[in-house]
Amino acid sequence: MPTATTAFPPRQRSGYLAEKGPLATVTDSPTPTIQKHNAPNDGAPEEEAPLPYWLTNIPRSQWPPSCPSYLRDISQKNIEILSTPDHLYQRQGWNLVTELVRTNRIDRFQRLPSDLRRYLEYKARIVAEHGSIMRFVVKERLRWGKACRVICGPRGGRLKDLRILYNDWPYGLEPDIVHLVVWTKFPLEDDPVVDDLTPRARREIDGFVRRTFHAKMAPEQVIWFRNWRSLKSVHAVEHFHVMLYRPPAAFLEEITRGDCPAHVIG
């Protein structure tokens with residue numbers, strides 16, 4: 001792995017991607033009283049019963065009386081992630097990141113459990129305040145104003161009609177990996193049969209990534225992917241993801257035009 005200047009840890013929020021999958025239904029059951037299992041005969045210490053997923057990683061003093069609305073009717077994948085204590089979560093390193101993209105297993109990207117909870121709460125608040133995630137992204141993050149007519153229109157934009165920003169809610173990556181999102185005012189060509197980009201669209205993105213990132217970083221320190229349509233939560237604004245390994249801070253400042261995500265984790 002070639003050496004590169006390490007960027008200052010970016011002020012990151014959390015991203016706009018929702019994990020899809022079969023939904024699980026949660027009832028209005030109250031916060032349970034956690035009972036201890038009977039002590040085993042060998043004298044080993046007693047163990048507490050597992051917490052419901054909506055209480056995991058929350059201090060007991062902050063337990064809600066019932067499952068919050070933004071954590072109900074969510075996918076089984078999200079329930080499994082939220083059920084994991086943060087200290088047991090293993091952050092995804094660069095070798096794993098590149099392997100997941102190379103093998104098109106991008107569905108295996110996931111967030112730190114407590115970040116996922118904050119992300120789901122944040123999404124619910126944004127929808128309540130702005131009407132939709134798309135409206136918030138276009139108006140507050142991209143500041144494209146009424147350009148939604150261009151974004152939602154037929155294909156025909158050019159690669160200059162885009163914006164590179166930090167992923168507001170990045171995946172649970174190791175600290176030397178920076179997660180960016182490239183938002184475009186034009187759709188990227190899909191093959192509906194395979195639920196993925198067409199070869200022509202991939203060539204276009206490859207060319208853009210080479211011109212934009214490889215001038216300042218080694219190719220093996222840059223990787224991109226576009227979520228399958230079935231994994232997206234924001235369909236109306238086209239975007240793809242770029243991950244950088246140890247990018248120079250000045251380069252990040254340049255390509256994001258000084259972007260500073262509003263939500264700061266930790």
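**Helices on a four-stranded sheet**

Helix H2 (residues 94-102) lies across strands E4, E7 and E8. H2 runs at about 40° to E7. This is a predicted model.

- Four strands form an open sheet in the order E3-E4-E8-E7, and the pairing is antiparallel.
- E3 and E7 are the edge strands, each pairing on one side only.
- On average, neighbouring strands of this sheet are turned by 25° against each other, direction ignored.
- Four bridges join E7 and E8, which pair in the antiparallel sense.
- Phe225 stands opposite His241 in E8.

**Helix H6**
- H6 also packs on the sheet, where it touches E3, E4, E7 and E8.
- The direction of H6 makes about 150° with that of E7.
- H6 covers residues 199-213, which is 15 residues.
- How far apart should the ends of H6 be? At 1.5 Å a residue, the helix should span 21 Å. The expected span is 1.5 Å times one less than the number of residues.
- Which residues of H6 are buried? They are Ala201, Ile205, Gly207, Phe208, Val209 and Phe213.
- These buried residues pack against several strands, including E3 (162-166), E4 (177-184), E7 (222-225) and E8 (238-245).
- Strand E6 (196-197) and helix H7 (249-255) are also among the packing partners of the buried H6 residues.

**Helix H4**
- H4 spans residues 133-141.
- Its buried residues are Ile133, Met134, Phe136, Val137, Val138 and Arg141.
- Just after H4 comes Arg143, with a positive phi of about 55°.

**Two further residues with positive phi**
- Asp73 has a phi near 55°, a positive value in a residue other than glycine.
- Where is Asp73 found? Asp73 is in the loop between strand E1 (23-24) and strand E2 (74-75).
- Asp73 has a relative accessible area of 44%.
- Arg257 is not a glycine either, yet its phi is positive, at about 55°.
- Arg257 is found in the segment after H7.
- Is Arg257 buried or exposed? Arg257 has a relative accessible area of 59%. The cut-off for exposed is over 50%, so Arg257 is exposed.

Technical notes. Residues are numbered from 1 along each chain as its sequence is written. This is a predicted model: local features need pLDDT of at least 70, side-chain atom pairs count only at pLDDT 80 or more; totals for chains, interfaces and linings use all residues. Side-chain values use heavy atoms; hydrogens and water are left out. Helices (H or I, at least four residues) and strands (E, at least two) are DSSP runs, numbered from the N terminus. Buried means under 20% relative accessible area, exposed over 50%, partly exposed in between (1.4 Å probe, protein chains only). Contact means heavy atoms within 4.5 Å. Two strands pair if DSSP finds at least two bridges between them. Axes are lines fitted to C-alpha atoms, for helices over the stretch in contact, and angles run from 0 to 180 degrees between N-to-C directions.
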